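Please walk me through this protein, from the whole chain down to single side chains. I would like to know what its parts are and how they touch.

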Amino acid sequence: MCINAWLLLIIIVLCVIIYAMYKIKTRPIIIDIKSRRCESFTVPETNINAAILFACFKINEHDYAFIEKWHNDIDFYVVVNGDPTEWDSKVIELIGSDRYLNRENKGYDAGAWKAGIYKWRDKLNGYDLVGLVNNSCIYKVNLHSIFLHANDYDLYSLGQTLVQPFIWFLNAYFIVISKGLFTSDDFMEYWDKLPNTNGYVRSATRHEWKFANHFKRLGYKCGVYDITRQNAFVYAVDKEKHNKYHREFIKNKTIRNHPDALNKFNEKVPSG
């Protein structure tokens, strides 16, 4: 291949890279975003009109403790993708069978949220804020604080992640949606068009990496609870970084990689 052909190939490759960086938007997701919200929904600290749509494969004791602590303040709707455990009946006692759904393990957590949104859409439309939460973490967060912060945004997450070198996204394991977005045609169109998310990779690449960025491009406002929590993947395998940054929740993956991490987490954060 002649030199001119090589130069042309290099130029084409560089152009493709630059275009990809522009399309994906390399800057952090919370910068320079204008809100499309037309109403302000006040969330009093003692009277939160909010719900959590909780997705999981199997309910465990940590999920139950989280739901039990907050179910009197925030309405929980639970979607379980796997076979019921001893904890399912206890959760149903707390929230009622009308807010519990057991379904085929299809579509990962994105599939569970989609099923819950379709099943309870009319009820969920009545809340000022709706949290899409899964059980990939043990949470000891103060939900009053989370929802008060979330009141200023359309999408609000506990953290954000950089998939090097290009992609920023809001962590989807805990993300709060405003009423203005949740009740919009934009929101339902997203779920209507969501492709197959069976398996972790498909769920991550087809939903988590794109979810907030999709609405950001439409003009919705995004925010993060604690900007220091920027790389959940690193925290999941690096115990020292987890101990430095994650003070109110811990990834189950961290516990699997470091069996002593849960005890240290409980010592540091005795209650939510």
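**A walk through the model**

Tyr156 has a relative accessible area of 2%, so it counts as buried. It is a starting point in a model that is predicted. Tyr156 and Tyr153 form an aromatic pair of the stacked kind, with 5.2 Å from centre to centre and 25° between the planes. Tyr153, in turn, is partly exposed, because its relative accessible area is 24%.

Now consider the chain as a whole. The secondary structure of the protein chain comes to 12 helices and 11 strands. The chain has 272 residues, and 49% of them are buried. Its accessible surface is about 13,500 Å², and carbon and sulfur atoms hold 53% of that surface. Among the contacts in the chain with a separation of 6 or more, 69% are between residues 24 or more positions apart.

The largest nonpolar core has 34 residues, and Tyr139 and Phe174 have the most contacts inside it. At least two residues of this core come from each of β1 (50-56), α2, β2, α3 (86-95), β4 (129-134), β5 (137-139), α5 (143-150) and β9 (174-178). Leaving aside residues up to four places away in sequence, Tyr139 touches Phe66, Val133, Asn134, Leu158, Tyr173, Phe174, Glu248 and Phe249. Another core lies apart from the largest one; it has 33 residues, among them Trp120, Tyr127, Leu181 and Phe215.

Aromatic rings come next. The whole structure holds 16 aromatic pairs. One of them joins Phe66 and Phe76 edge-to-face, at 5.7 Å centre to centre and with 90° between the planes. Phe66 lies in helix α2 (residues 61-70) and Phe76 in strand β2 (residues 75-80), so this pair ties together parts that are 10 residues apart in sequence. Phe66 counts as buried because its relative accessibility is 4%. Phe76 is buried as well, with a relative accessible area of 0%.

Rings can also gather in a group. Phe182, Phe187, Tyr190, Trp191, Phe211, Phe215 and Tyr220 form one aromatic cluster. Phe215 is also among the residues of the 33-residue core. His214 lies in helix α8 (residues 200-217). With 28% relative accessibility, His214 counts as partly exposed.

Two rings have a charged side chain over the face. Lys90 lies over the face of Trp87, at 4.3 Å from the ring centre. Arg99 lies over the face of Tyr77, at 5.3 Å from the ring centre.

Is Asn81 buried or exposed? Its relative accessibility is 5%, so Asn81 counts as buried. Asn81 is in the loop between β2 and α3. Its side chain reaches the backbone oxygen of Tyr108 at 3.0 Å. Not counting residues up to four places away in sequence, Asn81 touches Cys56, Phe57, Arg103, Glu104, Asn105, Tyr108, Asp109 and Ala112.

Conventions
Residues numbered from 1 in each chain as written. Predicted model: local features only at pLDDT ≥ 70, side-chain atom pairs only at ≥ 80, totals over all residues. Heavy atoms only, no water. Helix = DSSP H or I, 4+ residues; strand = E, 2+ residues; numbered from the N terminus. Buried < 20%, exposed > 50% of the residue type's maximum accessible area, 1.4 Å probe, protein only. Phe/Tyr/Trp six-rings, centres within 6.5 Å; stacked < 30°, edge-to-face > 60°. Lys NZ or Arg CZ within 6 Å of the ring centre and 35° of its normal. Core = buried A, V, L, I, M, F, W, Y, C linked by side-chain atoms within 4.5 Å. Contact = heavy atoms within 4.5 Å. Polar contact = N/O pair within 3.5 Å; in protein donor to acceptor, adjacent residues only side chain to side chain. Areas by Shrake-Rupley, 256 points an atom, 1.4 Å probe, with all protein chains shown as cover.
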